[in-house]
Amino acid sequence: MSLLDYFRSNKKPNTASMAKERLQIIVAHQRGERDAPDYFPQMKQEIIEVIRKYVHISEDQVSVQLDQNDNNLSVLELNVTLPDGK
Amino acid sequence: MTQIIVVTSGKGGVGKTTSSAAIATGLALQGHKTVVIDFDIGLRNLDLIMGCERRVVYDFVNVINGEANLNQALIKDKRCSNLYVLPASQTRDKDALTKEGVGKVLDDLAKDFEYIICDSPAGIEQGAMMALYFADVAIVTTNPEVSSVRDSDRILGMLQSRSRRAEQNLEPIKEFLLLTRYSPARAKTGEMLSVEDVEEILAIKLLGVIPESQAVLKASNSGVPVIVDQESDAGLAYSDTVERLLGKDVPLRFIEEEKKGFLKRIFGS
């Protein structure tokens, strides 16, 4: 940076911290998929199909996640956002 | 015991070949008999970076197919007597690399060499998978930039699930981070992910930080691995990286912004 830049500079947003946040999210997501068993995508799809039989939802209203703890315990977390109108 | 080291990244253009050439040369300069193999079938470039492109007669695929023996295909480095290059084929496609074929060549090389450096192609196709399959150590080359970091994480997943060590339930591949094209000044102003940021996201051991350097292009222009240029920051940073690979504890250099002189401050660089 030269002296001229110094006078011109006003506070720029810190883009590195944005990059870091975005990466932490995407990497956590990637790692979740990596550790999941092979049948997981299929199972997730079928769960969504079953719910769809009863309520109209889109795929992004359902989150199915498998969390693995250190002590041999896996938790299947199913989160469905149901639409307002019944 | 021979060590097989893969230099990998997922993303292209981050410095795999530059790093492979530098690290192989560094190991050889330290007295270790080393061979560096180009796994980028169809797009060979390691020969250019090593400056031996005019001496390529036979290649890796010729050896796998039994059209030439290893001694015919290995190119002895001009500068360093215990360094050899095994070039990639320019004409075949990446499917020419089979697990059996690559395994056999690596076994034969292991009889003669202490270090086998596998320069992986970009992507996650056959060539890249073969480069990492037999590895004992992985050097994950990463730029401080979002797409490179994400791809590095993907490659870490491959190392942990698709390698020989993973398939045979052996001790996992040792994974190291090599951060390349790092610009301390930009990291300081928050324009670039810092060393600590990338370390935290990927959560693997840091092997080295190579600063963004004009020496790298000069080195590739002249076909001399940048580590030979011991006047340059990048060359010295690669030397430190090799020392760490050999188990020595060397402090990081070139991760702080260099001080600018009075004139540079006024007129810019």
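**Notebook: a look at chain B**

I began with the surface: chain B exposes about 12,100 Å², and carbon and sulfur atoms supply 48% of that area. A reminder to myself: this is a predicted model.

Next I looked up the secondary structure and found 13 helices and 8 strands in chain B.

Then I turned to overall dimensions. Along the principal axes, the C-alpha atoms of chain B fill a box of roughly 65 × 40 × 35 Å. I also checked the radius of gyration: a compact globule of 269 residues would have a value near 18 Å, and chain B agrees because its own value is 18 Å.

How much of chain B is buried? I found that buried residues make up 56% of the 269 residues.

I looked at contacts as well, taking pairs of residues at least 6 apart in sequence. Of these contacts in chain B, 73% join residues at least 24 apart.

Which residues touch the most other members of the largest nonpolar core? They are B:Phe60, B:Leu86 and B:Leu109, in a core of 56 residues.

Last, I checked charges. Chain B carries 32 positive and 38 negative side chains. The centres of these two sets lie 3 Å apart.

Methods: Residues numbered from 1 in each chain as written. Chains lettered and ligands numbered in written order. Predicted model: local features only at pLDDT ≥ 70, side-chain atom pairs only at ≥ 80, totals over all residues. Heavy atoms only, no water. Helix = DSSP H or I, 4+ residues; strand = E, 2+ residues; numbered from the N terminus. Rg over C-alpha atoms; globule rule 2.2 N^0.38 Å. Buried < 20%, exposed > 50% of the residue type's maximum accessible area, 1.4 Å probe, protein only. Contact = heavy atoms within 4.5 Å. Areas by Shrake-Rupley, 256 points an atom, 1.4 Å probe, with all protein chains shown as cover. Lys, Arg positive; Asp, Glu negative; His and termini not counted. Charge placed at Lys NZ, Arg CZ, Asp CG, Glu CD. Core = buried A, V, L, I, M, F, W, Y, C linked by side-chain atoms within 4.5 Å.
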